[in-house]
Amino acid sequence: MSANVVAEEKEACQAKITNKVAIVTGSGRGIGRAIAEALLAQGARVVISDINEETCNNTAQELKDLGGGTLSCVCNVTQSESVEAMVAKVMEKWGQIDILVNNAGITRDNLYMKMTEQEWQAVIDTNLTSAFKVTKPVLKVMSKQRSGRIINIASTTGVHGNFGQVNYAAAKAGLIGFTKTVALEYASRTITANVVAPGFIDTDMTRALGEEIINKFKEKIPLKRMGTPADIAAAVLFFAGAGSYVTGQVLEVNGGLYT
Ligand SMILES: NC(=O)c1ccc[n+]([C@@H]2O[C@H](COP(=O)([O-])OP(=O)(O)OC[C@H]3O[C@@H](n4cnc5c(N)ncnc54)[C@H](O)[C@@H]3O)[C@@H](O)[C@H]2O)c1
């Protein structure tokens, strides 16, 4: 491919994202923050949204001069009222929503026989039911616009399963089914819905596992390293920009580890 073609493609992708309004849930830190930064770098206006007030406001402040700017929305994705308030705030400020990234998530790992109902429910609520709650009011806006991109952050665990993560695997697998169905129901309105399924990514979530477990995982990854939040952001950019004819897809970003 010539340098000209590459430059033209980059420009076309950027043109699709410039000035668009994107909501990224859980973007106070980690993968969500990297996604926000990548969208801003393409000229988008980005809603930094997180349950943690401090990281939410700090991140929005730190990134405010990039791209089209940021809007801080403290939001708990498990609470419908909180979600409705966020959508209303975004519409008041920018009057449109073009990209939604359902990224907020938690883990409460335990072997199935030891897992409590609280651990099960917290993970289902935050990783799956949240997408039901956030996507609905956003789809109302996108339907009127007759365009939109929804990108849900699942996990390779939702595709293949994982020891100690029966709750997380069920939630992320559910998120994949949810996305494929939204993709079918909203294609007629030119709205796409896709999944990015990260493998083992270097964030606070995985650092909590400790060095020994991290090193064991690294050994198993064909590319021999953990992914970075920027690796995930690159995949999200594809679905948000250039990938206008791709919907209902699951893209694993996992360094080649398909188990
Ligand atoms: N790190 C990995 O290896 C990995 C792998 C696969 C999938 N994922 C997924 O990627 C996403 C981001 O993970 P991360 O590693 O950046 O995690 P992280 O813990 O670093 O960040 C998650 C963010 O979500 C926010 N959050 C948690 N509960 C929330 C709620 N109820 N409402 C709003 N915000 C809330 C947190 O405050 C935090 O800022 C998650 O959905 C996670 O399941 C991560």
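Reader: At what angle do H5 and H7 pack?
Author: The axes of H5 and H7 lie 8 Å apart, an axis being a line fitted to C-alpha atoms over the stretch in contact, with angles from 0 to 180 degrees between N-to-C directions. The model is predicted: local features need pLDDT of at least 70, side-chain atom pairs count only at pLDDT 80 or more, and totals for chains, interfaces and linings use all residues. Residues are numbered from 1 along each chain as its sequence is written, and side-chain values use heavy atoms, without hydrogens or water. The packing angle of H5 and H7 is about 15°.

Reader: Which term describes H5 relative to H7, roughly parallel or oblique?
Author: Angles under 35 degrees count as roughly parallel, over 145 as roughly antiparallel, 65 to 115 as roughly perpendicular and the rest as oblique. H5 and H7 pack at about 15°, and H5 is therefore, relative to H7, roughly parallel.

Reader: How many nonpolar residues does the contact of H5 with H7 have?
Author: Contact means heavy atoms within 4.5 Å; on the H5 side it includes Trp120, Ile124, Leu128 and Phe132, and on the H7 side Tyr168, Leu175, Phe178 and Val182. Ala, Val, Leu, Ile, Met, Phe, Trp, Tyr, Cys and Pro count as nonpolar, Asp, Glu, Lys and Arg as charged, and the others, Gly among them, as polar. Beside 5 polar and 2 charged residues, the nonpolar count in the contact of H5 with H7 is 15.

Reader: How many residues does H5 give to the lining of the largest cavity?
Author: A cavity is a set of points on a 1 Å grid where a 1.4 Å probe fits but cannot get out, and lining residues have an atom within 4 Å of a point. A search of the whole structure finds 1 cavity of 30 Å³ or more, and Asn127, Ser130 and Ala131 are among the residues that line the largest cavity. Two or more lining residues come from each of H5 and H7 (166-186). H5 gives the most, and its number is 3.

Reader: What space lies in the largest cavity?
Author: Its lining also includes Asn102, Asn103, Ala104, Ile153, Lys172 and Leu175. By class, the lining has 4 nonpolar, 4 polar and 1 charged residues. The volume, meaning the space filled by probe spheres set on the points, is about 40 Å³.

Reader: Within what distance do the axes of H4 and H5 come?
Author: H4 (residues 80-94) and H5 (residues 117-145) cross at roughly 30°, so the two helices are roughly parallel to each other. Their contact is made by Ser80, Val83, Glu84, Met86, Val87 and Met91 of H4 with Lys133, Val134, Pro137, Val138 and Val141 of H5. This contact has 8 nonpolar, 1 polar and 2 charged residues. The axes of H4 and H5 come within 9 Å.

Reader: How many nonpolar residues are in the contact of H2 with H10?
Author: H2 (residues 30-41) and H10 (residues 229-240) pack at about 50°, with their axes 8 Å apart, and H2 is therefore oblique to H10. Among the contact residues are Ile31, Ala34, Ile35, Ala38 and Leu39 of H2 and Ile232, Ala233, Val236 and Leu237 of H10. Beside 1 polar and no charged residues, the nonpolar count is 12.

Reader: Which hand has the crossing of H2 and H10, left or right?
Author: A crossing is left-handed if the near helix is turned anticlockwise from the far one by less than a right angle, and right-handed if clockwise. H4 passes H5 in a right-handed crossing, and H5 and H7 also cross with right-handed sense. The crossing of H2 and H10 is right-handed.

Key: Helices (H or I, at least four residues) and strands (E, at least two) are DSSP runs, numbered from the N terminus. On a 1 Å grid over the protein atoms alone, a cavity is a set of points where a 1.4 Å probe fits but cannot get out, and a pocket is an open set with protein on both sides within 12 Å along at least five of seven lines; lining residues have an atom within 4 Å of a point.
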